[in-house]
Number of protein chains: 2
Amino acid sequence: MSRTALIAVGGNSLIRVGERGTVEEQLRNAHQTARKITQLVADGWRVVVTHGNGPQVGAALVRSERSSGEAYSQQLDVCVATTQGEIGYMLKRGLECELQRAGFYMPVMCMLTQVRVNPDDPAFTHPTKPIGPFYTQRVAEEKMRAFGWTMVEDAARGFRRVVPSPEPIEILELEVIRQVLDLGIIVIALGGGGIPVVIGEDHSVTGVEAVIDKDRASAILASGLGLDCFVISTDVDQVYLNYKQPTQRGVKRATADLMEHYLKENQFSAGSMGPKIEAAIRFVRNGGHDVFITSCDQLIEAIHGKAGTHITARPDHGQEE
Amino acid sequence: MSRTALIAVGGNSLIRVGERGTVEEQLRNAHQTARKITQLVADGWRVVVTHGNGPQVGAALVRSERSSGEAYSQQLDVCVATTQGEIGYMLKRGLECELQRAGFYMPVMCMLTQVRVNPDDPAFTHPTKPIGPFYTQRVAEEKMRAFGWTMVEDAARGFRRVVPSPEPIEILELEVIRQVLDLGIIVIALGGGGIPVVIGEDHSVTGVEAVIDKDRASAILASGLGLDCFVISTDVDQVYLNYKQPTQRGVKRATADLMEHYLKENQFSAGSMGPKIEAAIRFVRNGGHDVFITSCDQLIEAIHGKAGTHITARPDHGQEE
């Protein structure tokens, strides 16, 4: 039985700095990510791929807004579903092509994934996650009145909607993902952190206007599947302490306990590295062995201990402390 | 081993006549379709659900067009992928809810599906399928010059883009769908007829600007899976001869040979019932037993021989001829 790794691909990894984010650019970047994952497969790994959708779901909201009255509106849960189709298609195409070029004729499946959240999650009364287009103050005030949106001002660029980011409780497709993996199929799932839904006592499933942090949800999926290895692919090569300060230094290897200590020191930004570290700690505390946080380019080197940040349960030779 | 049926749900079945097509309306209609499919499951059937995407992919193109410059553009293959996410989510939610309400705790999976087409298909030089928004003559001429689009004039409503509708050759996910069905999972696949792709000799997969007829593609999927039963759910209760003429009469039951005879008499419109009849004939000629063409409301009655049109290989008691 092969080892299985969950690779959480950052939403920005398909749209790089300086790019306009055209589909052509995203497809080219998807192939680059796919080549790294193919190397993992060549090394004997089975993989589950999850991905973010920040720029893409933002674009979906802009499209829905700007065509209001000409095309029906899509609420946030539906927008997340569309990006699971869109990004899943690009990653699947890239993976199928790169795997076959490398001589691996294994199927890749992309499946829609819903994540249950608690309707009483405090996030619903304190929305924090900025999404979608920027508005002028006048338009922002109209939107807040008309739709009950919460909006925040971004100093330079105008007003922006903020939505709740509730805790993921349960991956509804967990058992199906497990069964499909057992068939030897590479699975792409949990796009954008999953479509956020609440479940009623009458079995009704209702989508909610929220976005789920994809690293938190990925940690739950990786633990639920009983995987050993969780890889968070992001836009920095490793985790840094005193980030962007003269005393900045990279973390090569650390225990979950040590990372929690750094977290409490507010070493990691709330909207970016913080949730990744929390997800890593959660995975290790739930029995997972290894978390690697690195850039897509260094993914293979990280797993071989030559790059990135490696978070484990117990200290080891070469451990920070 | 249960019998397995492929149910091809019409793209218009989620947006009914007189509706604006809001997500709320589509979800309500998805539940109605789901209740019928749940009855089939209660009767002991396993099901594969495919669906059209006409109104939804049209809306996706409008959104992409109208937000040009503010959000990146999505080509037609990507738009189809987004509708697989969107409609798949609505059908899956409806099905999961209705199945559980009826006491069936079986999983429902929605998977992205690509369909291979031939880049030399004559459809690419003779696009016929009208999609997306209507334009004035001036804007239409600009679009034709700028993007090389083919456009046709619709007498009353302006100019509209027409795209190729090539023959589906191969469902790329056929074996994966078979394996998932064998696990007892209800599969939603082949949305919008599948994402149209061409495959290069170097294993490259390239999306193409085309739409695949969902009934033709569904016939290939049903045959490829070796299913006995293929149900086409549409907006009429059965197939009619001399449709909308004083001599109109319904076809209750007929052989594929007889339907081919009617087809050659031009009894069925090219853009609507024609491809359904062709798909039905193809399925039966490839070894399928039963095709039912009916409305969603009459789906159960049709399978029990009490409504709809039943197309078979061989004549039977009660057969037309």
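**Entry 1: the interface.** I began with the area: chain A and chain B bury about 4600 Å² between them. Of that area, 61% is on carbon and sulfur atoms. I'm keeping in mind that this is a predicted model. Why did I look up an area at all? Because the size of an interface is often given as the accessible area lost when the parts come together.

Next I asked which three residues supply more of chain A's buried area than any other three. They turned out to be R63(A), Y72(A) and Y89(A), with 18% of the area that chain A buries against chain B. Then I checked how many residues touch: 54 of chain A are in contact with 54 of chain B.

**Entry 2: the symmetry.** Two copies of a chain are related by a rotation about an axis and a shift along it. So what rotation and shift put chain A on chain B? I found a rotation of 180° with 0.0 Å of shift along the axis, and the RMSD is 0.0 Å. This is therefore the relation of a two-fold axis. Both copies use the same surface, since 100% of the contact residues of chain A recur in chain B.

Entry 3: Now on to helices inside chain A. Two packed helices are described by the angle between their axes and the distance between the axes, so I noted both each time.

Helix α1 of chain A covers residues 23-42, and helix α3 of chain A covers residues 76-101. Their axes come within 7 Å and cross at roughly 50°, which means α1(A) is oblique to α3(A). The crossing is right-handed. On the α1(A) side I listed contact residues including L27(A), A30(A), A34(A) and I37(A); on the α3(A) side, M90(A), L91(A) and L95(A) are among them. Sorted by class, this contact has 11 nonpolar, four polar and three charged residues.

**Entry 4: α2 and α3.** α3(A) has another partner here: helix α2 of chain A, residues 54-66. The axes of α2(A) and α3(A) come within 9 Å and cross at roughly 125°, so α2(A) is oblique to α3(A). This crossing is right-handed as well. α2(A) brings Q56(A), V57(A), A60(A) and L61(A) to the contact, and they meet α3(A) residues including L76(A), V80(A) and I87(A). I sorted these contact residues into seven nonpolar, three polar and one charged.

**Entry 5: α7 and α8.** Last pair: helix α7 (residues 256-264) and helix α8 (residues 273-285), both of chain A. They pack at an angle of about 150°, with axes 10 Å apart. Parallel or antiparallel? An angle over 145 degrees counts as roughly antiparallel, so α7(A) is roughly antiparallel to α8(A). The crossing is left-handed. By class I wrote down six nonpolar, one polar and four charged residues.

Note on methods
Residues numbered from 1 in each chain as written. Chains lettered and ligands numbered in written order. Predicted model: local features only at pLDDT ≥ 70, side-chain atom pairs only at ≥ 80, totals over all residues. Heavy atoms only, no water. Axes fitted to C-alpha atoms, helices over the stretch in contact; angles between N-to-C directions. Helix = DSSP H or I, 4+ residues; strand = E, 2+ residues; numbered from the N terminus. Parallel < 35°, antiparallel > 145°, perpendicular 65-115°, else oblique. Left-handed = near helix turned anticlockwise from the far one by under 90°. Nonpolar A, V, L, I, M, F, W, Y, C, P; charged D, E, K, R; others polar. Least-squares fit on C-alpha atoms with pLDDT ≥ 70 in both. Contact = heavy atoms within 4.5 Å. Buried area = accessible area lost by both parts, 1.4 Å probe.
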